[in-house]
Amino acid sequence: MYFPIGWPKVLKNLGADNQIIKQIVSNRDKILFASLSDDCLIVWFCKPTVPIVYHKRSADSLQRLGVNVGVEWKPDSSMICISTSEGHLILYNVEVHSEHTAYQQYDPPTASLRRDSAELFVKEVIPSLKITQIKEVLVWDGQITRMCCISGTEILVCTTRAHLLRYRWDGTQNRDYCLDLGRIPFSINQQVSKAEPILEDNTHVNDIEYSPLVCGFGITLNDGRAAYLTAPNLKFDPNAVQGIWAPGIDDATCARVNHKFRLIAIGRKNSQVDVFTIDEATGGLELSHTMVLSSKDFPGDPGPVKCVRWTADGRAVAVSWERGGVSVWSTFGALLMCSLAWDYGLNQELTKHNPLVVSSLEWATEGYQLWMVKVEGDSSTNLIQLDFVKSPLSVNPCMSNQRHLYLQADDKLYVNLEDNLTKRTKISIIDSSSDIYQSENGLQDQPNLEYENSTNYREFVDDNDCRKQWIVLPLPATYIATNWPLRYSAIDEVGMNVCVAGRTGLAHYNCTSRRWKLFGNEAQEKDFVVTGGMLWWREYIVIGCYSILDGHDEIRFYPREAKLDNKSAKIVRVQSQVFVLDILDDQLVVFGADALVTIYELTALDDAGNIEMRCVQAVDVSALSHPACVVSASLCRLQDPPNRHRSSTTVQVQRHPDSLVINASGKLMMVQREEYDVDEDNNPVS
């Protein structure tokens, strides 16, 4: 769940004020952004938002090759490819000068204006980039409509002659694997024996996106049809590629693929977005849901869908329309934000003129910022940013079992403890005079609350529900300055302790003492990256991480009361990268890149941080889904507590294993584990 916060920021235009920005595209890490106009290419840094490179093509180059049309990054950000209106590709090499940064900060000579606080020093290293043109490639196949990077070695170029050409990043063409729409068989699913190629003239691809997790491309054609191109393997041999039509679509404008949930979103001219899933039985496209504005959200017609962009985690999608307006939806169609409902004043009539017309969208790293190209009349555009906060469930699904509500921003948390919402009301309803309330909340002189009638009772509940206060918890500048942005966060069961993890390392906060605890040794903080979430177990922080120093994946336990140091941590090496963590009582669930769900039993041997971690079971779920598409893996208790029975030789416990629930690409699956017996020594009985 994503929610906008604050006012949009307007970035200063470089060069001519009347230039029109056609496109904004981020690199794979979503740290660098390339904005493209007719003759200029500007590379921006995400945080702080500053331009790094401004490149303007010469008049001779514009005359020979045409104006800029599209831009695409190489996955490792070492190259940029620009397509032109005359059917050329211009390849640029991007070099990083590590000996100096792009920006230097200096204090003014006036003593009163000098910085005294460490928070005023920007510790983020802004790279100094050099862009060098290395090659010009003539495509010789009509105009270029769209480019799509399909690997670290190749880029796909779509042309008006119905061809999908594969070029290597050195400028050479991979002729053996180029595709022709006139030779690709199209059908409604992969089981239909009769499949026909596109025979109509002047039909070509006008939008395309590739995803290896859906094993293909989502495309839209200039005649309004949409399809899904797939093949038996990722080589995409032209003789094996098959097209699957999106049913009921004849007015498609754009297409975008959700990698994690394996969804294909198709923007349409009727202002709605149809989201399709791939039917595993037939291989066809099946309509999952439709994102359409209700009359309550906007009674008019915002026009055709202009742009669609999914967040990197696949939990939200941003949509813009040609006549103006931007909206953000959840993965499965809940409207989270719509600018058409904003108050622009009495003089603005959105049905005739919308002050926010967006032509291009792009999400920043971790989805905390939405970059937009705002159209200013007919002669100029502006770059604007809108900040977002999101639910921790979007990246850390184990927080679903917490009753405390909080949201995370890139450098702070917004916490609303359950005590502020319902806890006092619930316990007061049960017995307002009991000592349970006082012992749980640490209150000694809490007055008894008595209600004479039901009317007073309702007034108390209504009044209490209105006291919703967000506690803004800024992350310490000494940590977030070098580890921006915040990636993972977790809160314990009582809501008194919070732990966070950014680019590297971690930190945790105690709400009682109001103090952060950081690594005393900064080298240890930089030596590991949290990759698989984090959670609280008893008095310990549990994380799935990758050790940069040792080069392997680990599960670590950091005691809350001890110093944040690796010497006091319990470190367990695992075989593969940890994707998901979850816990139920003393059972830790670990899902990794090897598609194994491993269940451990945790035992605290003493108060000094000694923990026993015993593997109980490992379940291979590789047949259910690709590991990258598993959203969550957790244990669910559906049966009664275990029944104890005494035998003549030993005391045994008949244990009913908890069910394993897996969310893979939005599909919920339950794996019923087999029962097993445990004797008094806690050893599995064979």
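In the predicted model, Asp207 is a buried residue, its relative accessible area being 3%. The side chain of Asp207 takes part in a salt bridge with Arg146, in which the closest N and O atoms are 3.3 Å apart. Because Arg146 belongs to strand 10 (residues 144-149) and Asp207 to strand 15 (residues 205-211), this pair ties together parts of the chain that are 61 residues apart in sequence. In contrast to buried Asp207, Arg146 counts as partly exposed, with 28% relative accessibility. The pair also belongs to a network of salt bridges that links Arg146, Asp207, Glu209 and Arg256.

The structure as a whole holds 31 salt bridges. One of them joins the side chains of Asp387 and Lys9, with an N to O distance of 2.4 Å. Since Asp387 lies in strand 29 (residues 380-390) and Lys9 in strand 1 (residues 2-11), this bridge ties together parts that are 378 residues apart in sequence. Asp387 counts as buried at 19% relative accessibility, a value under the 20% cut-off for burial, whereas Lys9, at 39%, counts as partly exposed. A further salt bridge is formed by the side chains of Asp313 and Lys390, at 3.8 Å from N to O. It links distant parts of the chain, 77 residues apart, with Asp313 in the loop between strand 23 (305-310) and strand 24 (316-321) and Lys390 in strand 29. Asp313 is buried, with a relative accessible area of 13%, and Lys390 is likewise counted as buried, at 1% relative accessibility.

Nonpolar packing was examined next. The largest nonpolar core has 63 residues, and those with the most contacts inside it are Leu506 and Leu588. Strand 37 (residues 528-537) gives the most to this core, contributing six residues. When residues up to four places away in sequence are not counted, the residues touched by Leu506 include Tyr479, Val500, Phe519, Phe528, Met534, Ile541 and Leu564, and Glu525 is also among them. A second, separate core of 23 residues includes Ile150, Leu179, Tyr210 and Val241.

Strand 41 (residues 578-584) is mostly covered, as five of its seven residues are buried. It runs antiparallel to strand 42 (residues 587-592), to which it is joined by six bridges, and the bridge partner of Val578 in strand 42 is Gly592. Two residues stand between the strands of this hairpin, in which Asp585 takes a positive phi near 55 degrees. Asp585 is found in the loop between strand 41 and strand 42 and has this positive phi although it is not a glycine.

Most residues other than glycine have a negative phi, and most peptide bonds are trans. A positive phi near 55 degrees is also found at Arg514, a residue other than glycine, which lies in the loop between strand 35 (507-510) and strand 36 (515-517). Arg514 counts as exposed, with 68% relative accessibility.

Key
Residues numbered from 1 in each chain as written. Predicted model: local features only at pLDDT ≥ 70, side-chain atom pairs only at ≥ 80, totals over all residues. Heavy atoms only, no water. Salt bridge = Lys/Arg side-chain N within 4 Å of Asp/Glu carboxyl O. Helix = DSSP H or I, 4+ residues; strand = E, 2+ residues; numbered from the N terminus. Buried < 20%, exposed > 50% of the residue type's maximum accessible area, 1.4 Å probe, protein only. Pairing = 2+ DSSP bridges. Core = buried A, V, L, I, M, F, W, Y, C linked by side-chain atoms within 4.5 Å. Contact = heavy atoms within 4.5 Å.
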